[in-house]
Every structure is written in structure tokens, then in C-alpha cells.
Amino acid sequence: MPREKGQKVVATNRRARHDYSIEDTYEAGLVLTGTEVKSLRQGRASLVDGYAFIDGGEAWLDAVHIPEYNQGTWTNHPPRRKRKLLLHKDQIVKISHKTKEGGYTLVPLSLYFNDGRAKVELAVAKGKKEYDKRQALREKQDKREAARAMSTRSRLGD
């Protein structure tokens, strides 16, 4: 069987980009059991309530929902469990300093397979206030309206 190539996205956390302003992103490996990998290969996962934290010099991913594997038996995994993240020591130190700074948190943005290996994209992020969210939505809407006006103008030939 040939090895997998490329990237296959399993789950994304679209809400995170709305609720947080992202400072840095990191790619981390995951320590998974066999049935978790099989469930992920079926494209089943949810990052909605997920978060990551540093504890004792190790990075952990918690509250990410990977449903039980359909054909699994007693070897099935619990859907929401703490999973260890694989990061370099200097990355863990950098992230822990940033999160201890105050106001920053570690949020998973996406869960994917990269060349057959399960990876998670983590972001060091700061929570947005309500008015920041409204401002971002307004800017997005203004850009969309400007693009629409430009396309209609070019279509009419002016």
C-alpha cells in the first residue's frame, strides 16, 4: 500500500478565528490510539469546545471530540479525553511564557493528516471583545460590498 501524500483536513474551528485574534500558530503531532485514528480517517471530529494547555513541561489537548469508531469493540476510546501534543521543548517553553503573560490562550484551529500523520494546528490567541467582533464583521462586509461593486462595474464596461 503506498504511503499517503498531501494534506487532508478532518476538522476546522471556524469559530476560533471569530472569537480570538491569532498571534502565532504551531503545528503539533498528536498521541492517539488506533480507534481514534480510524475515526479521524472517516472524517469525524469536532474542535468546537477544544483547548490546549501546558502542564509540567508537556502540551495537552483537551475537550476535542473524536467519536467512537463504528466497528470498534471493547478497545474503543473515550470520545473526549486528554491527548498529548508532540512539540519541541523550545516551542513548549515559548508557548508557556506567552500564555502566562496574561490574556493569551492556546486554541486548536484545525485537525488534519499531513502525509498520513495526524496533526493539529494550534494558535496562541487573545480573546476579542464584543466590539472587536462587530468591527471585524463590518470590515468583512465592506470588503464584500466593494468587491461586488467592482465586479458589476467591470461587467458593465465603464
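Which helix gives the largest share of the positive patch? Helix α4 (residues 130–156) does, with three residues. The patch lies on the surface and gathers Arg14, Lys140, Arg144 and Arg148. Lysine 140 is found in helix α4. Patches here are made of residues with over 30% relative accessible area and no salt bridge, like charges being joined within 9 Å and nonpolar side chains (Val, Leu, Ile, Met, Phe, Trp, Tyr) within 5 Å.

The model is predicted: local features need pLDDT of at least 70, side-chain atom pairs count only at pLDDT 80 or more, and totals for chains, interfaces and linings use all residues. Residues are numbered from 1 along each chain as its sequence is written, and side-chain values use heavy atoms, without hydrogens and water.

Five salt bridges were counted, each a side-chain nitrogen of Lys or Arg within 4 Å of a carboxyl oxygen of Asp or Glu. Arg15, Asp19 and Lys133 form a network of such bridges. Arginine 15 pairs with aspartate 19, with the closest N and O atoms 3.6 Å apart. These two residues are four apart in helix α1 (residues 14–19), so about one helical turn separates them. Aspartate 19 also bridges to lysine 133, at 3.3 Å between the closest N and O atoms. This pair links distant parts of the chain: aspartate 19 in helix α1 and lysine 133 in helix α4 are 114 residues apart. Arginine 15 is exposed, at 53% relative accessibility. Lysine 133 is buried, at 16%. Buried means under 20% relative accessible area, exposed over 50%, and partly exposed in between (1.4 Å probe, protein chains only).

Strand β4 (residues 58–62) pairs on two sides of the record of bridges. Five bridges join strand β3 (residues 51–55) to β4, running antiparallel. Three bridges join β4 to strand β5 (residues 83–86), also antiparallel. Strands pair if DSSP finds at least two bridges between them. Helices (H or I, at least four residues) and strands (E, at least two) are DSSP runs, numbered from the N terminus. Isoleucine 54 stands opposite alanine 59 in β4, and leucine 61 opposite arginine 83 in β5. The hairpin of β3 and β4 has two residues between the strands, and glycine 56 there takes a positive phi near 65 degrees. Four of the five residues of β4 are buried, so the strand is largely enclosed by the rest of the structure. Glutamate 58 is partly exposed, at 29% relative accessibility. Its side chain meets that of lysine 84 in a salt bridge (3.1 Å, N to O). Lysine 84 lies in strand β5 and glutamate 58 in β4, 26 residues apart.

Technical notes: Areas by Shrake-Rupley, 256 points an atom, 1.4 Å probe, with all protein chains shown as cover. Lys, Arg positive; Asp, Glu negative; His and termini not counted. Charge placed at Lys NZ, Arg CZ, Asp CG, Glu CD.
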